[in-house]
Amino acid sequence: MLRGAGSLKMSIPIFAGKVALVTGGGSGIGRAICQVLARDGANVAVADINLQGAQETVSMLPRPGDHLAVTMDVASKASVDSGLKAITDKYQAPPSLLVNNAGIVKPSPFLDMAEKTFVDVLDVNLKGTFLVSQAVVKLLLQQPGAAGGAVVNISSLAGQVGFKNHSQYAASKAGVMAFTKSVAGELAKTGVRVNCVLPAVIQTPILTPILTSSTPDYSDAIVAKVALGRMGQPEEVAEVVGFLLSDKSSYMTGSCVEIHGGYGL
C-alpha cells in the first residue's frame with residue numbers, strides 16, 4: 001500500500017454541477033465540445049436547429065440522462081428564449097458555461113452574392129452569438145453564482161485573413177472577435193469572462209463541402225499552408241474551449257486564441 005494512500009482524495013471533475021449550453025452541438029466542433037464538457041462533469045444542453053443531430057450528440061455522451069437536446073434557431077430570439085426555458089426547467093438554473101458555436105457558410109463570389117446570402121450568414125454567425133449571449137448572461141446575472149460564468153465564442157481565422165468566395169462568412173467572424181472583446185470589457189466587473197477561439201483548417205462537416213466542391217489541388221494547397229502539415233480535428237479545438245471555460249484560464253477575458261496548426265507560417 002502506498003504511504004499516505006488513506007489520505008488521497010478522488011479528484012472532482014472541473015465542471016461538476018455546472019450547466020453548459022453549446023449551440024450548434026449536433027455535429028462537428030460543437031459535438032466535440034459537448035463531449036469534452038460532459039467528460040469533465042458538466043450537464044450539457046446540446047442546442048441545434050437540427051434536433052436529431054442534438055439528440056445523437058446526447059446519446060454519445062457519458063451519463064446521457066444528465067444532458068438535454070433542444071431545438072434552437074440562434075437567429076430567432078423567440079427560439080432562443082424557448083430553448084433557454086427548456087434548459088432552466090430541467091436544471092432549475094441557467095447555464096453558467098456558454099459556447100456560441102452555431103454557424104453556417106454559403107459560398108458565393110462577392111460580385112454574384114445575393115443580399116439574402118449575406119444576411120443569412122450574418123444572422124446566424126453574428127446576430128445569433130449576440131442573441132444567445134445576451135439571453136444567457138441576463139439570466140446568469142440574476143443568480144448568486146454569476147462570477148463563475150464563462151462564455152466562449154467560435155470565431156475563425158477567416159475573420160483575420162479573409163476567405164475568398166466567403167466574404168460574408170469572414171465578415172461575420174471578424175464581427176464575433178470584436179463582439180467578444182467589447183462584451184468582455186463590459187462584463188469584466190461581473191466576473192463573467194468572455195473569450196473566443198479562431199480555428200482554421202479543421203476537419204468538420206462545414207469544411208468538407210467547401211473542399212470537395214473545389215478542384216482537387218485546392219484542398220492540397222490549403223493543407224500545404226498549415227505548418228503542421230495536416231487538418232486539425234474537432235477535439236483539438238474542443239480541448240482549448242474547455243480550458244477557456246475552466247478556472248485554469250481565470251485571468252483571461254477578451255482573448256482570441258488561434259487554433260490553426262501554424263497556418264501561413
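This is a predicted model: local features need pLDDT of at least 70, side-chain atom pairs count only at pLDDT 80 or more; totals for chains, interfaces and linings use all residues.
1. The lining consists of Phe-130, Ser-133, Gln-134, Val-137, Lys-138, Leu-141, Val-151, Phe-179, Val-183, Glu-186, Leu-187 and Val-194, which divide by class into eight nonpolar, two polar and two charged residues. The space in this second largest pocket comes to about 210 Å³.

2. The largest pocket has a volume of about 1,200 Å³. Its lining comprises 48 residues, of which Val-105, Tyr-169, Thr-204, Ile-206 and Leu-207 are the closest to the pocket centre. Two or more lining residues are given by each of α1 (28-39), β2 (43-48), α5 (158-161), α6 (167-187), α7 (208-212) and α8 (216-224). By class, 29 residues of the lining of the largest pocket are nonpolar, 14 are polar and five are charged.

3. Ser-155 deserves a separate comment. This residue is located in the loop between β5 (150-154) and α5, and Ser-155 counts as buried because its relative accessible area, 2%, is under the 20% cut-off. When neighbours within four places in sequence are left aside, the contacts of Ser-155 are with Lys-173, Val-176, Met-177, Cys-196, Val-197, Leu-198 and Pro-199.

4. Cys-196, which is one of the residues in contact with Ser-155, is itself buried, with a relative accessibility of 0%. Cys-256, by contrast, is partly exposed at 23%, a value that lies between the cut-offs of 20% and 50%. As for covalent links between cysteines, the number of disulfides in the model comes to zero.

5. Gln-92 counts as exposed because its relative accessibility of 65% is over the 50% cut-off.

6. Asn-165 also has a positive phi, near 65°, and is likewise a residue other than glycine. Asn-165 is placed in the loop between α5 and α6, two helices that also each give two or more residues to the lining of the largest pocket. With a relative accessible area of 43%, Asn-165 is classed as partly exposed, whereas Gln-92 is classed as exposed.

How values were computed:
Residues are numbered from 1 along each chain as its sequence is written. Side-chain values use heavy atoms; hydrogens and water are left out. On a 1 Å grid over the protein atoms alone, a cavity is a set of points where a 1.4 Å probe fits but cannot get out, and a pocket is an open set with protein on both sides within 12 Å along at least five of seven lines; lining residues have an atom within 4 Å of a point. Grid points are joined across faces, edges and corners, and a volume is the space filled by probe spheres set on the points. Helices (H or I, at least four residues) and strands (E, at least two) are DSSP runs, numbered from the N terminus. Ala, Val, Leu, Ile, Met, Phe, Trp, Tyr, Cys and Pro count as nonpolar, Asp, Glu, Lys and Arg as charged, and the others, Gly among them, as polar. Buried means under 20% relative accessible area, exposed over 50%, partly exposed in between (1.4 Å probe, protein chains only). Contact means heavy atoms within 4.5 Å. A disulfide is a pair of cysteine sulfur atoms within 2.5 Å.
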